[in-house]
Amino acid sequence: ARLARLDEAVAQHERSVAVAREADLPQAECRALSNLGVLYSSSHPQHAIEACERGLETARRIGDLGLQSRLSANLAVAYCTLTNRCDERGVGAAHTAIEIDRSTGQLDHLAVSLVVLAQIYQCHGEAARALRHYQEALTLAEKGGEPQLLFPCYVGLATLYLAVDE
């Protein structure tokens, strides 16, 4: 995927899902479905949603809260960027991811979930709500010092400030 060979990446992840399912490795299947959902999101929105929902169903069945959070955040992104069902399904999925992250102490992923919700609020013109979530995410990301978490916080805050002429 990082080499811009999306079709090959999708094929490999589809194969990973099938192999994990055949081998009865539900956690590996969920991870592959999560990654597949992200890959599908740029070209096949409905497939992205279906992959995330299948993964979420499996994660719930096996009781893996970490995977439930990741898949819920991915589902929120898919619903809010790819469909007109953001208010109906996406916002709830983002809140679910945040609740799971808080309850399990997954602070590194909590930053991701907060950024997702901040982006949703930003797109809906709710700058104050977006700002609160970006700031909380940034505080968590700074504690971890992880550039992959810091970058979306800074970008989100920068675009938010630009929108309000700051």
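Trainee: Helices are DSSP runs of H or I with at least four residues, and they are numbered from the N terminus. With that in hand, where is Asp 24 placed?

Mentor: In this predicted model, Asp 24 sits in the loop between α1 and α2. Its phi is near 55 degrees, a positive value in a residue other than glycine.

Trainee: Is Asp 24 buried or exposed?

Mentor: Exposed means over 50% relative accessible area. Asp 24 has 61%, so it counts as exposed.

Trainee: Which residue before α1 also deserves a look at its phi?

Mentor: Ala 4, in the segment before α1. Its phi is near 65 degrees, again positive in a residue other than glycine. Ala 4 is exposed as well, at 69% relative accessibility.

Trainee: Let us step back. How many helices and strands does the chain have?

Mentor: The protein chain has eight helices and zero strands. Read from the N terminus, the order is α-α-α-α-α-α-α-α.

Trainee: What are the overall dimensions?

Mentor: The C-alpha trace spans about 55 × 30 × 30 Å along its principal axes.

Trainee: Which residues touch the most other members of the largest nonpolar core?

Mentor: Leu 71, Leu 75, Ile 120 and Tyr 134, in a core of 46 residues. The helices that give two or more residues to this core are α1, α2, α3, α4, α5, α6, α7 and α8. The most comes from α6, with nine residues.

Trainee: Taking Ile 120 from that list, what is it in contact with beyond its neighbours in sequence?

Mentor: Leaving aside neighbours within four places in sequence, Ile 120 is in contact with Ala 76, Cys 80, Cys 86, Gly 90, Val 91 and Ala 94.

Trainee: Turning to open space, what volume does the largest pocket have?

Mentor: About 1000 Å³. It is lined by 31 residues, and those closest to its centre are Asn 35, Val 38, Asn 74, His 109 and Val 112.

Trainee: Which helices supply that lining?

Mentor: At least two lining residues come from each of α2, α3, α4, α6 and α8. The largest share belongs to α4, which supplies eight residues.

Trainee: What is the lining by class?

Mentor: The lining has 16 nonpolar, ten polar and five charged residues.

Trainee: While we are on α4, is its Ser 69 buried or exposed?

Mentor: Ser 69 is found in helix α4. Buried means under 20% relative accessible area. Ser 69 has 0%, so it is buried.

Trainee: What does Ser 69 touch?

Mentor: Not counting residues up to four places away in sequence, Ser 69 touches Ala 97, Ile 100, Asp 101, Gln 106, His 109 and Ser 113. His 109 is also one of the residues closest to the centre of the largest pocket.

Trainee: A last point on α1: is Glu 22 buried or exposed?

Mentor: Glu 22, which lies in helix α1, is exposed, with a relative accessible area of 70%. From Glu 22 to Pro 45 there are 23 residues in sequence and 26 Å in space, C-alpha to C-alpha.

Methods:
Residues are numbered from 1 along each chain as its sequence is written. This is a predicted model: local features need pLDDT of at least 70, side-chain atom pairs count only at pLDDT 80 or more; totals for chains, interfaces and linings use all residues. Side-chain values use heavy atoms; hydrogens and water are left out. A nonpolar core is a set of buried Ala, Val, Leu, Ile, Met, Phe, Trp, Tyr and Cys residues joined through side-chain atoms within 4.5 Å. Buried means under 20% relative accessible area, exposed over 50%, partly exposed in between (1.4 Å probe, protein chains only). Contact means heavy atoms within 4.5 Å. On a 1 Å grid over the protein atoms alone, a cavity is a set of points where a 1.4 Å probe fits but cannot get out, and a pocket is an open set with protein on both sides within 12 Å along at least five of seven lines; lining residues have an atom within 4 Å of a point. Grid points are joined across faces, edges and corners, and a volume is the space filled by probe spheres set on the points. Ala, Val, Leu, Ile, Met, Phe, Trp, Tyr, Cys and Pro count as nonpolar, Asp, Glu, Lys and Arg as charged, and the others, Gly among them, as polar.
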